[in-house]
Amino acid sequence: MKWFWCLFFAFWPILAIAVCAVAPAYGWWFPSAAASPLGQRIDDLFYMILIITTITFVGTQAGLAYVLFTGARRTDPDVDQKAWFSHGSHQLEVIWSVVPAFVLLFIALYQLDVWADYRVKDMFPREKMSQLLEDKLHQKRTKHDSLALAEVTARQFEWRIRYPGFDEDGNLLPLMPDPQPTDLYTVNDLHLPVRVPVMINLKSQDVQHSFFLPELRVKQDAVPGLVIPVWFEAKSQQSYALLCAELCGWGHYKMKAQFVAESDEAFLEYLRELQRQQFFDGVAEAAESAEDDE
Ligand SMILES: [Cu+2]
């Protein structure tokens with residue numbers, strides 16, 4: 001029986017390592033390949049930490065298996081051996097405290113760049129974002145205006161999205177902190193330009209939610225009372241899942257929306273279509289058809 005337990009405890013780590021080895025090929029780690037350049041760097045960090053923890057796991061499990069097997073051999077009734085008591089090893093304890101401390105310090109320093117690029121406002125790719133707004137979307141802006149293209153407000157249980165509208169000449173306006181009469185609104189349907197860094201302002205209307213774009217590896221809490229800027233860059237022109245990653249109430253599961261990354265022209269056309277729908281009052285058309293009738 002003792003050999004059964006030895007094999008039993010040795011079996012699980014071997015199975016775990018085998019599963020880890022085949023997991024990337026079956027896509028068990030991630031929902032898909034990272035769909036943003038920063039997401040790729042986050043994946044690289046994930047794999048770096050996975051390698052360190054795998055080495056640690058294999059080392060400790062091998063040590064455990066060694067102890068089990070030698071212990072099982074010693075309890076053989078044919079071997080006459082007294083129990084041996086250990087009071088610990090000062091040297092070993094120093095080693096297994098200092099080595100993990102250095103490993104954690106290494107991870108903390110190694111990931112600083114990615115964290116800074118993702119979350120520190122001064123490190124945001126402001127130049128590229130203002131180029132997009134000014135040169136491609138022809139936004140009439142001053143340098144004090146927000147670089148955000150949309151305000152996303154989480155609430156139980158949906159994502160409310162506010163875009164800036166157009167001025168009388170058809171130029172895109174900057175996004176203002178407070179709602180404007182020209183603003184455009186949608187629910188659960190976020191459209192933004194592709195292959196360029198874009199920024200949103202994230203808010204919550206009630207409880208804490210979490211803005212989650214799994215394919216882009218973007219996850220940020222929406223906190224009541226705060227306006228949190230979040231930037232990301234979609235690599236390909238397609239629709240991505242937008243989910244809530246914070247258990248925010250009974251309808252948490254319903255906060256499934258889409259993020260559509262599209263060309264600059266398609267994005268502007270989308271906003272113009274929103275404007276047509278939102279400001280359509282039927283009067284102009286009625287007047288036109290009345291004129292036709294006459
Ligand atoms: Cu939520």
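Predicted model: local features only at pLDDT ≥ 70, side-chain atom pairs only at ≥ 80, totals over all residues.
Local features rest on pLDDT of at least 70 and side-chain atom pairs on pLDDT 80 or more, while totals for chains, interfaces and linings use all residues. Residue numbers start from 1 along each chain as its sequence is written.

The protein has seven helices and 10 strands; these are DSSP runs numbered from the N terminus, helices being H or I of at least four residues and strands E of at least two. Its overall values are tabulated below.

| Property | Value |
|---|---|
| Radius of gyration (over C-alpha atoms) | 28 Å |
| Span of the C-alpha trace along its principal axes | about 115 × 40 × 35 Å |

Buried residues, those with 20 or more other C-beta atoms within 10 Å of their own C-beta (placed from the backbone), make up 21% of the 294 residues.

An open, mixed sheet holds five strands in the order β3-β2-β1-β5-β8, where pairing requires at least two DSSP bridges between two strands. β3 (184-187) and β8 (228-232) are the edge strands with a single partner strand each, so one side of each has no neighbour in the sheet. β5 (residues 198-204) pairs with β8 in the antiparallel sense over five bridges, and M199 has W231 in β8 as its bridge partner.

E127 is in helix α5 (residues 126-136). E127 counts as exposed because it has 9 C-beta neighbours inside 10 Å, the cut-off for exposed being 12 or fewer. L147, 20 residues from E127 in sequence, is 9.9 Å from E127, C-alpha to C-alpha.

How values were computed. Rg over C-alpha atoms; globule rule 2.2 N^0.38 Å.
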